[in-house]
Amino acid sequence: MAKEYLVFDVGGTTIKYGLLSQDLKLHDCQRCSTEHNHNGHILAQLKRLSAAYQQNHELAGIGVSTAGIVGADGGIQYAGPTIADYQGTPIKAALKAQTQLPVSVVNDVDAALLGEQLAGSVQKADAVYCVALGTGIGGAYLNQGQLLNGVHATANSLGYTLFDVKTQTNYEQRASTLALEATLKPLKISVPEAFARARQGEAAYLNVIKAWAAQVAAGLAQIMLLFDPEVLLIGGAVSQQGDFLLTLLKQQLKPILPPNLCQTQLKVATLADKAQLYGAAAGLIN
(Lines give C-alpha, C1' and ligand atoms only; values in the text may rest on other atoms or scores of the structure.)
Protein backbone atom coordinates (compact mmCIF):
# COMPACT_ATOMS: atom_id res chain seq x y z
CA MET A 1 0.00 0.00 0.00
CA ALA A 2 1.36 3.43 -0.98
CA LYS A 3 2.11 5.80 1.85
CA GLU A 4 -0.04 8.87 2.37
CA TYR A 5 0.24 12.18 4.21
CA LEU A 6 -2.25 13.19 6.87
CA VAL A 7 -2.97 16.88 6.36
CA PHE A 8 -4.74 19.41 8.58
CA ASP A 9 -5.93 22.99 8.08
CA VAL A 10 -6.64 24.71 11.40
CA GLY A 11 -8.82 27.82 11.24
CA GLY A 12 -10.64 29.89 13.81
CA THR A 13 -13.74 27.69 13.98
CA THR A 14 -12.96 24.57 11.94
CA ILE A 15 -10.25 21.95 11.52
CA LYS A 16 -10.26 20.49 8.02
CA TYR A 17 -8.34 17.29 7.44
CA GLY A 18 -7.78 14.54 4.91
CA LEU A 19 -5.25 12.27 3.23
CA LEU A 20 -2.90 13.32 0.44
CA SER A 21 -1.38 10.57 -1.68
CA GLN A 22 2.14 10.76 -3.03
CA ASP A 23 0.68 11.38 -6.50
CA LEU A 24 -1.12 14.45 -5.05
CA LYS A 25 -4.63 13.03 -4.84
CA LEU A 26 -6.54 14.50 -1.89
CA HIS A 27 -9.25 12.31 -0.41
CA ASP A 28 -11.18 11.38 2.72
CA CYS A 29 -11.63 15.09 3.51
CA GLN A 30 -13.56 15.85 6.68
CA ARG A 31 -13.88 18.61 9.24
CA CYS A 32 -14.55 19.15 12.91
CA SER A 33 -14.99 22.10 15.25
CA THR A 34 -12.12 23.80 17.06
CA GLU A 35 -14.49 24.30 20.02
CA HIS A 36 -12.83 27.73 20.26
CA ASN A 37 -9.75 25.88 21.54
CA HIS A 38 -11.34 25.39 24.96
CA ASN A 39 -8.92 23.53 27.22
CA GLY A 40 -6.42 23.10 24.38
CA HIS A 41 -8.99 21.36 22.19
CA ILE A 42 -7.14 21.97 18.91
CA LEU A 43 -3.96 20.12 19.84
CA ALA A 44 -6.00 17.39 21.51
CA GLN A 45 -7.97 16.90 18.30
CA LEU A 46 -4.83 16.85 16.14
CA LYS A 47 -3.34 14.18 18.38
CA ARG A 48 -6.53 12.13 18.50
CA LEU A 49 -7.03 12.19 14.73
CA SER A 50 -3.35 11.47 14.07
CA ALA A 51 -3.54 8.38 16.28
CA ALA A 52 -6.69 7.16 14.53
CA TYR A 53 -5.30 7.65 11.04
CA GLN A 54 -1.93 6.15 11.92
CA GLN A 55 -3.70 3.03 13.14
CA ASN A 56 -5.56 2.55 9.85
CA HIS A 57 -3.17 3.98 7.23
CA GLU A 58 0.51 3.80 6.39
CA LEU A 59 1.44 7.45 6.86
CA ALA A 60 4.57 9.06 5.43
CA GLY A 61 4.17 12.19 7.52
CA ILE A 62 1.79 14.79 8.95
CA GLY A 63 1.33 18.32 7.61
CA VAL A 64 -0.44 21.11 9.47
CA SER A 65 -1.59 24.42 8.05
CA THR A 66 -2.69 26.80 10.77
CA ALA A 67 -3.76 30.32 11.54
CA GLY A 68 -1.19 32.32 13.48
CA ILE A 69 2.55 32.85 13.15
CA VAL A 70 4.48 29.59 13.22
CA GLY A 71 7.91 29.63 14.86
CA ALA A 72 11.01 27.76 13.70
CA ASP A 73 10.18 24.98 16.17
CA GLY A 74 6.79 24.34 14.56
CA GLY A 75 4.90 25.84 17.48
CA ILE A 76 2.52 28.80 17.50
CA GLN A 77 4.73 31.86 18.01
CA TYR A 78 1.88 34.36 17.87
CA ALA A 79 -1.89 34.03 17.66
CA GLY A 80 -4.41 36.84 17.55
CA PRO A 81 -7.83 36.83 19.24
CA THR A 82 -9.36 34.56 16.58
CA ILE A 83 -8.13 31.46 18.45
CA ALA A 84 -8.06 31.77 22.22
CA ASP A 85 -5.09 30.43 24.22
CA TYR A 86 -3.38 29.16 21.06
CA GLN A 87 -0.08 31.00 21.35
CA GLY A 88 2.69 28.67 22.51
CA THR A 89 0.95 25.49 21.34
CA PRO A 90 3.77 23.02 20.48
CA ILE A 91 2.10 21.38 17.48
CA LYS A 92 5.15 19.90 15.77
CA ALA A 93 6.84 18.66 18.93
CA ALA A 94 3.66 17.06 20.25
CA LEU A 95 2.71 15.27 17.02
CA LYS A 96 6.26 14.15 16.32
CA ALA A 97 6.65 12.73 19.84
CA GLN A 98 3.36 10.87 19.58
CA THR A 99 3.64 9.47 16.05
CA GLN A 100 7.40 9.30 15.43
CA LEU A 101 6.63 10.63 11.94
CA PRO A 102 7.99 13.66 10.06
CA VAL A 103 5.80 16.66 10.85
CA SER A 104 5.56 20.00 9.03
CA VAL A 105 3.68 23.01 10.44
CA VAL A 106 3.14 26.13 8.34
CA ASN A 107 1.09 29.32 8.49
CA ASP A 108 -2.16 29.03 6.55
CA VAL A 109 -1.41 31.77 4.00
CA ASP A 110 2.02 30.28 3.39
CA ALA A 111 0.32 26.90 3.03
CA ALA A 112 -2.16 28.25 0.47
CA LEU A 113 0.73 29.55 -1.63
CA LEU A 114 2.71 26.31 -1.27
CA GLY A 115 -0.38 24.33 -2.23
CA GLU A 116 -0.97 26.38 -5.35
CA GLN A 117 2.65 25.89 -6.38
CA LEU A 118 2.48 22.17 -5.68
CA ALA A 119 -0.78 21.43 -7.49
CA GLY A 120 -2.50 24.67 -8.52
CA SER A 121 -2.15 27.76 -10.66
CA VAL A 122 1.50 28.71 -10.09
CA GLN A 123 3.33 25.40 -10.50
CA LYS A 124 5.92 26.84 -12.89
CA ALA A 125 6.48 30.24 -11.29
CA ASP A 126 9.68 30.96 -9.36
CA ALA A 127 8.67 34.15 -7.53
CA VAL A 128 5.08 34.37 -6.30
CA TYR A 129 3.43 36.72 -3.82
CA CYS A 130 0.07 35.52 -2.50
CA VAL A 131 -2.57 37.84 -1.06
CA ALA A 132 -5.32 35.98 0.79
CA LEU A 133 -8.54 37.97 1.01
CA GLY A 134 -10.94 36.84 3.70
CA THR A 135 -11.92 37.89 7.21
CA GLY A 136 -8.57 39.68 7.21
CA ILE A 137 -5.80 39.95 4.64
CA GLY A 138 -2.68 37.81 4.79
CA GLY A 139 0.42 37.70 2.62
CA ALA A 140 3.04 35.13 1.68
CA TYR A 141 6.11 35.39 -0.53
CA LEU A 142 7.80 32.41 -2.17
CA ASN A 143 11.03 33.07 -4.08
CA GLN A 144 13.12 30.30 -5.63
CA GLY A 145 11.45 27.74 -3.40
CA GLN A 146 12.01 29.70 -0.18
CA LEU A 147 9.30 31.29 1.94
CA LEU A 148 10.49 34.74 2.98
CA ASN A 149 8.93 35.61 6.32
CA GLY A 150 11.47 38.02 7.81
CA VAL A 151 13.90 37.75 10.71
CA HIS A 152 11.14 37.56 13.32
CA ALA A 153 8.64 35.61 11.13
CA THR A 154 6.28 38.61 11.04
CA ALA A 155 6.90 39.81 7.48
CA ASN A 156 3.99 39.93 5.03
CA SER A 157 1.54 41.08 7.71
CA LEU A 158 -0.34 42.91 4.99
CA GLY A 159 -3.54 43.48 6.89
CA TYR A 160 -1.86 45.98 9.22
CA THR A 161 -0.35 48.09 6.44
CA LEU A 162 -1.64 51.29 4.81
CA PHE A 163 -2.99 52.73 8.04
CA ASP A 164 -5.12 55.79 7.34
CA VAL A 165 -5.03 58.45 10.05
CA LYS A 166 -8.26 60.08 8.92
CA THR A 167 -10.42 56.95 9.10
CA GLN A 168 -8.27 55.15 11.71
CA THR A 169 -8.39 52.01 9.60
CA ASN A 170 -5.74 49.73 8.15
CA TYR A 171 -5.64 47.83 4.85
CA GLU A 172 -7.67 44.78 5.89
CA GLN A 173 -10.33 46.91 7.56
CA ARG A 174 -11.00 48.51 4.18
CA ALA A 175 -10.13 45.79 1.68
CA SER A 176 -10.88 42.39 3.21
CA THR A 177 -13.81 40.34 2.02
CA LEU A 178 -15.33 40.98 5.45
CA ALA A 179 -15.17 44.72 4.73
CA LEU A 180 -16.99 44.17 1.43
CA GLU A 181 -19.57 42.07 3.23
CA ALA A 182 -20.18 44.89 5.72
CA THR A 183 -20.63 47.41 2.90
CA LEU A 184 -23.18 45.11 1.25
CA LYS A 185 -25.11 44.44 4.43
CA PRO A 186 -27.53 47.40 4.03
CA LEU A 187 -28.36 46.03 0.59
CA LYS A 188 -29.20 42.68 2.21
CA ILE A 189 -27.10 40.67 -0.21
CA SER A 190 -24.14 38.31 0.14
CA VAL A 191 -20.76 38.79 -1.51
CA PRO A 192 -21.28 35.97 -4.09
CA GLU A 193 -24.77 37.28 -4.91
CA ALA A 194 -23.46 40.82 -5.31
CA PHE A 195 -20.78 39.61 -7.72
CA ALA A 196 -23.44 37.74 -9.70
CA ARG A 197 -25.52 40.92 -9.97
CA ALA A 198 -22.43 42.96 -10.86
CA ARG A 199 -21.66 40.52 -13.68
CA GLN A 200 -25.13 41.29 -15.02
CA GLY A 201 -24.22 44.98 -15.05
CA GLU A 202 -26.45 46.07 -12.16
CA ALA A 203 -24.95 49.44 -11.26
CA ALA A 204 -25.69 49.44 -7.53
CA TYR A 205 -23.65 46.28 -6.97
CA LEU A 206 -21.01 46.95 -9.60
CA ASN A 207 -20.20 50.33 -8.05
CA VAL A 208 -19.81 48.86 -4.56
CA ILE A 209 -17.52 46.11 -5.81
CA LYS A 210 -15.47 48.52 -7.91
CA ALA A 211 -14.94 50.74 -4.86
CA TRP A 212 -13.83 47.70 -2.85
CA ALA A 213 -11.54 46.56 -5.70
CA ALA A 214 -9.89 49.99 -5.61
CA GLN A 215 -9.06 49.44 -1.93
CA VAL A 216 -7.64 46.00 -2.70
CA ALA A 217 -5.61 47.38 -5.62
CA ALA A 218 -3.99 50.00 -3.37
CA GLY A 219 -2.27 47.22 -1.44
CA LEU A 220 -1.46 45.13 -4.50
CA ALA A 221 0.33 48.10 -6.05
CA GLN A 222 2.69 48.33 -3.06
CA ILE A 223 3.57 44.65 -3.38
CA MET A 224 4.26 44.93 -7.09
CA LEU A 225 6.49 47.97 -6.59
CA LEU A 226 8.38 46.59 -3.61
CA PHE A 227 8.83 42.93 -4.57
CA ASP A 228 8.33 42.74 -8.35
CA PRO A 229 7.10 39.12 -8.20
CA GLU A 230 6.61 37.06 -11.32
CA VAL A 231 3.03 36.35 -10.23
CA LEU A 232 0.76 38.06 -7.73
CA LEU A 233 -1.73 35.41 -6.66
CA ILE A 234 -5.16 36.29 -5.25
CA GLY A 235 -6.44 33.72 -2.76
CA GLY A 236 -9.43 33.35 -0.47
CA ALA A 237 -13.00 32.44 -1.36
CA VAL A 238 -13.41 35.57 -3.48
CA SER A 239 -10.77 34.20 -5.88
CA GLN A 240 -13.54 31.99 -7.24
CA GLN A 241 -14.78 35.11 -9.06
CA GLY A 242 -11.96 34.38 -11.49
CA ASP A 243 -11.39 36.55 -14.53
CA PHE A 244 -14.15 38.97 -13.54
CA LEU A 245 -12.26 39.79 -10.33
CA LEU A 246 -8.93 40.03 -12.16
CA THR A 247 -10.38 42.45 -14.69
CA LEU A 248 -11.71 44.72 -11.93
CA LEU A 249 -8.37 44.69 -10.10
CA LYS A 250 -6.40 45.44 -13.27
CA GLN A 251 -8.71 48.37 -14.00
CA GLN A 252 -8.12 49.77 -10.52
CA LEU A 253 -4.35 49.21 -10.67
CA LYS A 254 -3.88 51.03 -13.95
CA PRO A 255 -4.28 54.63 -12.66
CA ILE A 256 -2.13 54.11 -9.54
CA LEU A 257 0.94 52.46 -11.11
CA PRO A 258 3.55 54.13 -13.34
CA PRO A 259 2.73 53.29 -16.98
CA ASN A 260 4.55 50.22 -18.34
CA LEU A 261 6.66 49.77 -15.21
CA CYS A 262 5.23 46.68 -13.47
CA GLN A 263 5.28 43.41 -15.38
CA THR A 264 3.84 41.21 -12.63
CA GLN A 265 1.09 38.84 -13.76
CA LEU A 266 -2.12 38.66 -11.72
CA LYS A 267 -3.69 35.24 -11.18
CA VAL A 268 -6.36 33.74 -8.96
CA ALA A 269 -5.93 30.60 -6.87
CA THR A 270 -7.55 27.49 -8.33
CA LEU A 271 -7.54 25.01 -5.43
CA ALA A 272 -10.10 27.03 -3.46
CA ASP A 273 -10.38 25.87 0.17
CA LYS A 274 -8.20 22.80 -0.50
CA ALA A 275 -4.99 24.79 -1.14
CA GLN A 276 -3.96 24.81 2.52
CA LEU A 277 -4.33 21.04 2.76
CA TYR A 278 -1.99 20.56 -0.19
CA GLY A 279 0.41 23.16 1.15
CA ALA A 280 0.50 21.59 4.61
CA ALA A 281 2.40 18.65 3.15
CA ALA A 282 4.51 20.55 0.63
CA GLY A 283 7.54 20.63 2.91
CA LEU A 284 7.34 16.87 3.33
CA ILE A 285 6.84 15.99 -0.33
CA ASN A 286 9.48 18.30 -1.83
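A salt bridge here is a side-chain nitrogen of Lys or Arg within 4 Å of a carboxyl oxygen of Asp or Glu. Keep in mind that you're looking at a predicted model.

**Stop 1: salt bridges**

Select Glu-202 and Arg-197 and show their side chains. They meet in a salt bridge, with N and O 3.5 Å apart. Are these two buried or exposed, or something in between? Glu-202 is partly exposed, because its relative accessible area of 31% falls between the limits of 20% and 50%. Arg-197 is partly exposed too, with a relative accessible area of 35%.

By this rule, the count of salt bridges comes to 3. For another one, select Lys-16 and Asp-273: their closest N and O atoms are 3.7 Å apart. Lys-16 counts as buried at 19% relative accessibility, because buried means under 20%. Asp-273, at 32%, counts as partly exposed.

Lys-274 counts as partly exposed, at 32% relative accessibility. Which residues end up in one network? Lys-16, Asp-273 and Lys-274 do, joined by salt bridges that share partners.

**Stop 2: a hairpin**

Find Leu-20 and look across to strand 3: Leu-26 stands opposite. Together strand 2 and strand 3 make a hairpin, with 4 residues between them. Pick out Leu-24 in the turn, which has a positive phi of about 65°.

While you're browsing strands, here's a handy rule for reading them: in a regular strand the side chains alternate between the two faces of the sheet.

**Stop 3: an open sheet and a helix across it**

Now switch to cartoon view. In what order do the 5 strands of the open sheet run? The order is 10-9-8-11-12, and the pairing is mixed. Strand 10 and strand 12 stand at the edges with a single partner strand each, so one side of each is left without a neighbour in the sheet.

Zoom in on strand 8 (residues 127-133) and strand 11 (residues 231-235). They pair in the parallel sense over 5 bridges. Click on Cys-130 and you can find its bridge partner, Leu-233, in strand 11.

Next, colour helix 7, residues 203-227. Helix 7 lies across strand 8, strand 9, strand 11 and strand 12. Compared with strand 8, helix 7 runs at about 155°.

**Stop 4: aromatic rings**

Show the aromatic side chains. By the ring-centre rule, the count comes to 7 aromatic pairs. One of them is Tyr-129 with Tyr-141, a stacked pair with 5.6 Å from centre to centre and 25° between the planes. Tyr-129 belongs to strand 8, Tyr-141 to strand 9 (residues 137-143), and they are 12 residues apart. Tyr-129 counts as buried at 1% relative accessibility, and Tyr-141 counts as buried at 7%.

How are the rings of Phe-195 and Phe-244 arranged? Their centres are 6.1 Å apart and their planes stand at 80°, so the pair is edge-to-face. Phe-195 is in helix 6 (residues 191-199) and Phe-244 in helix 8 (residues 242-253), 49 residues apart. Phe-195 counts as buried, at 0% relative accessibility.

Before you leave the rings, select Phe-8, Tyr-17 and Tyr-53 together. These form one aromatic cluster.

**Stop 5: a threonine in a loop**

You'll find Thr-169 in the loop between strand 10 (146-147) and helix 4 (171-175). Is Thr-169 buried or exposed? Thr-169 counts as buried, at 17% relative accessibility. Show its side chain along with that of Thr-167: the two make a polar contact at 2.6 Å. Leaving out residues up to four places away in sequence, Thr-169 touches Leu-162, Phe-163, Asp-164 and Arg-174.

Key
Residues are numbered from 1 along each chain as its sequence is written. This is a predicted model: local features need pLDDT of at least 70, side-chain atom pairs count only at pLDDT 80 or more; totals for chains, interfaces and linings use all residues. Side-chain values use heavy atoms; hydrogens and water are left out. Two strands pair if DSSP finds at least two bridges between them. Helices (H or I, at least four residues) and strands (E, at least two) are DSSP runs, numbered from the N terminus. Rings of Phe, Tyr and Trp (its six-membered ring) pair if their centres lie within 6.5 Å; planes under 30 degrees apart count as stacked, over 60 as edge-to-face and the rest as tilted. Buried means under 20% relative accessible area, exposed over 50%, partly exposed in between (1.4 Å probe, protein chains only). A polar contact is a pair of N or O atoms within 3.5 Å; within protein, one must be able to donate a hydrogen and the other to accept it, and residues adjacent in sequence count only if both atoms are side-chain atoms. Contact means heavy atoms within 4.5 Å. Axes are lines fitted to C-alpha atoms, for helices over the stretch in contact, and angles run from 0 to 180 degrees between N-to-C directions.
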